[in-house]
Amino acid sequence: MRFALLVNAAADSAAALTALHTAQALLGHPDHQLYRLFFYRDAVHLANRFAWSADGEQACAAQQWQQWLSGNPVDAVVCVGAAQRRGVVSDTLADGFSLAGLGQWADALINCDRVIQFG
């Protein structure tokens, strides 16, 4: 079964980490395929390479997403329009993420059996 995840959750919300844990579980499940992650609205901040936690000690959701994506071959797409409106551009985009338009999300909707939205 193919899954697409739509992540709308802000980097400081619990839903951002729930989305990460869901993606990890799907990637590790032998009967499921994680087709695409699509980061939209405030979730584009998760792809900002300069995101830091407020207390400086615990990794924030953005750092956890970035660390996980750096070691896993997952299609992680950031909506270019939402990113530009929030100051996330190609120079600030973390490794493992790519910028693309809503056409990539439409492709995921066509090619997946299930869609899960967070935030």
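The following legends describe close-up views of a predicted model. Local features need pLDDT of at least 70 and side-chain atom pairs count only at pLDDT 80 or more, whereas totals for chains, interfaces and linings use all residues. Residues are numbered from 1 along each chain as its sequence is written, and side-chain values use heavy atoms, with hydrogens and water left out.

**View 1. Packing of helix α1 on helix α2.** Helices α1 (residues 14-28) and α2 (residues 61-70) pack at about 20 degrees, and their axes lie 9 Å apart (axes are lines fitted to C-alpha atoms, for helices over the stretch in contact; angles run from 0 to 180 degrees between N-to-C directions). Helices (H or I, at least four residues) and strands (E, at least two) are DSSP runs, numbered from the N terminus. In the contact (heavy atoms within 4.5 Å), A16, L17, A19, L20, A23, Q24 and L27 of α1 meet A61, Q64, W65 and W68 of α2.

**View 2. The open sheet.** Five strands are arranged in the order β4-β3-β2-β1-β5, with parallel pairing (two strands pair if DSSP finds at least two bridges between them). Because β4 (97-100) and β5 (114-118) stand at the edges, each with a single partner strand, one side of each has no neighbour in the sheet. The twist from one strand to the next averages 25 degrees.

**View 3. Pairing of β3 with β4.** Strand β3 (residues 76-79) and β4 pair in the parallel sense over four bridges. Here V77 stands opposite S98 in β4.

**View 4. Helices on the sheet.** Helix α2 lies across β1 (2-7), β2 (33-39), β3 and β4, and runs at about 140 degrees to β2. Helix α4 (residues 102-111) packs on the sheet, touching β1, β2, β3, β4 and β5, and its direction makes about 150 degrees with that of β2.
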